[in-house]
Amino acid sequence: MIPAAFEYYRPESLQDALSLLQTHGDDARVMAGGHSLIPMMKLRMAEVPHLIDLQAIADLRGIRVDGDTVSIGAMVTQHEVIESTDLLRAAPILREAALQIADPQVRYMGTIGGNVANGDPGNDMPGIMQCLGAEFSLIGPDGTRTVAARNFFEAAYMTARTDEEILTRITFPAHAGGFAYEKQKRKIGDYATAAAAVLLTKEGGTCATASIAMTNLSDVPVWSEAAAAALDGTACDSGAIAKAMAAMDGDIDPGEDNRGPVAFKRHVAGITLSRAITRAWSRA
Amino acid sequence: MSKKMQITLTVNGETQELLAEPRELLIYVLRERLNITGPHVGCETSHCGACTVTMDGKSVKSCTVFAAQANGAEITTIEGIGSPDSLHVLQNAFREHHGLQCGFCTPGMITRATKLLEDNPNPTEEDVRFGMAGNLCRCTGYQNIVKSVLAAATELSAAKEAAE
């Protein structure tokens, strides 16, 4: 499988990358780890006459935990997420999720920025970032701006990022409390049939705050306020979990594909959410 | 055709300079330009791991890395791990424990396993199964591969202790 020919660039600064994007317009695309883009190029489903490799841009690297604020560079790999003791303290859900993405070799190359910016409904980090209330920093010809993860995803492969912009960092508040990312997949390395991200806090034996997001059950990740509200003030007992499952079911919109028919996906979504709530509660 | 670019790679400790199109995949640069045929082309879709090499300290599938991306990198293939006269502990363990049948996946398996044991010298069986999940074998059913990696880990740890 040989992709179409392209010109290759490895800029060392964001400014250089941005000016390459401006010069080549629609013919240019940035690449992070390449593990979504390269397979598409090999199949010739993506043609990128000017390929801008972001690997040499130092500003896109690094994990910073500053008090209660966590900031992750777009080029941080899934492997680095797994290895980071800072992240394990500040947002342990990320390690739990990253370990369920692809396989070791792919995690060495695949990046957190690529995972969210690609807008693939099958990717795991978009839902987790919605669950965490993350903000995405974008840089473009007109400067920088931030977009909330909960407003970023518009449709499959369509996001609020414009073609001239580069995702630089992901920022979110550290989370102390119960957490879980439960993913059902057909085999290691597969995308989710359904997956659930749950964050919650406990006060005096009941749930004080909750945030719930679902993966690969719509064109975009689904942050379900109704499901989280069903847990508020409860002890996350089976009745509360059933209400959260029903509320979540009203927010998702799965389609039939080779991972199963709609009814099956709704069933799996419920099971993953129920398991995720139970595990998060046990850790709260 | 795009124009070729100068690529410098350090492969198994040797500096290699060559001209390649940016779109060429690292696996083909290794196999067809440098005649390093240990890493195999299995699925060519980043699933099977037969093309696994170590690039700048990471296990990667060289079918999903462009030559241009690898420019400047240090790469280790199975040829840099052991030789017929001097097998690596892992290679010997695969032989002893029947960790291969047809052998097609073995270079990728062993290249990945060297990195796995470097990061985690005392893995549990579960660690090995999880850490080798990016490498597929169609013959052995994995039992003997896992056994081989665990045996090599024990031997390497014992050798390290004896040396200390």
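1. First, the ground rule for touching: contact here means heavy atoms within 4.5 Å. On that rule, 35 residues of chain B are in contact with 32 residues of chain A.

2. Some housekeeping: this is a predicted model, where local features need pLDDT of at least 70 and side-chain atom pairs count only at pLDDT 80 or more, while totals for chains, interfaces and linings use all residues. Residues are numbered from 1 along each chain as its sequence is written, chains are lettered from A and ligands numbered from 1 in the order in which they are written, and side-chain values use heavy atoms, with hydrogens and water left out.

3. On to interface size, which is often quoted as the accessible area lost when the parts come together. For chain B and chain A the buried area is about 2,500 Å², with carbon and sulfur atoms giving 61% of that. (Buried area is the accessible area, with a 1.4 Å probe, that two parts lose on being put together, summed over both.) A trio to look at is B:R23, B:F66 and B:Q69: they supply 26% of what chain B buries against chain A, more than any other three residues.

4. Now the polar side of the interface. The rule finds 14 residue pairs in polar contact between chain B and chain A, both residues at pLDDT 80 or more. A polar contact is a pair of N or O atoms within 3.5 Å; within protein, one must be able to donate a hydrogen and the other to accept it, and residues adjacent in sequence count only if both atoms are side-chain atoms. Which elements of chain B give two or more residues to the side that touches chain A? They are β3 (52–55), β4 (58–61), α2 (67–70), α4 (106–119) and α5 (125–131). Of these, β4(B) gives the most, with four residues. By class, that side of chain B has 13 nonpolar, 13 polar and nine charged residues. Here Ala, Val, Leu, Ile, Met, Phe, Trp, Tyr, Cys and Pro count as nonpolar, Asp, Glu, Lys and Arg as charged, and the others, Gly among them, as polar. For the element names, helices (H or I, at least four residues) and strands (E, at least two) are DSSP runs, numbered from the N terminus.

5. Salt bridges next, meaning a side-chain nitrogen of Lys or Arg within 4 Å of a carboxyl oxygen of Asp or Glu. The structure holds 18 of them over all chains, and two cross the interface of chain B and chain A. B:K61 pairs with A:D103 in a salt bridge, the closest N and O atoms being 2.6 Å apart.

6. Inside chain A, have a look at the network of salt bridges that links A:E96, A:E182, A:R275, A:R279 and A:R283. A:E96 meets A:R283 at 2.8 Å, N to O; A:E96 sits in helix α5 (residues 92–98) and A:R283 in helix α12 (residues 262–283), 187 residues apart. A:E182 bridges to A:R275 at 3.7 Å. Because A:E182 is in strand β11 (residues 178–184) and A:R275 in helix α12, this pair ties together parts 93 residues apart in sequence. A:E182 also bridges to A:R279 at 2.6 Å.

7. Are those side chains buried or exposed? Buried means under 20% relative accessible area, exposed over 50%, and partly exposed in between (1.4 Å probe, protein chains only). A:E96 is buried at 15%, and A:E182 is buried at 12%. The arginines are partly exposed: A:R283 at 33%, A:R275 at 45% and A:R279 at 25%.

8. Cysteines: how many disulfides does a search of the whole structure find? Zero, over all chains, with a disulfide being a pair of cysteine sulfur atoms within 2.5 Å. The sulfur of A:C131 is 12 Å from the closest cysteine sulfur, in A:C207, too far for a bond. For B:C105, the nearest cysteine sulfur is that of B:C137, 3.9 Å away, and B:C105 is in no disulfide. A:C131 is buried at 2%, and B:C105 is buried at 11%.

9. A:C131 is also one of the buried residues of α8(A). That helix (residues 125–132) is mostly covered, with eight of its eight residues buried. A:G133 follows α8(A) and has a positive phi, near 70°.

10. Last, B:Q91, found in helix α3 (residues 89–96) of chain B. B:Q91 is buried at 15% relative accessible area. Leaving aside residues up to four places away in sequence, B:Q91 touches B:I78, B:G82, B:S83 and B:I110. B:Q91 and B:M109 are 18 residues apart in sequence, with 9.9 Å between their C-alpha atoms.
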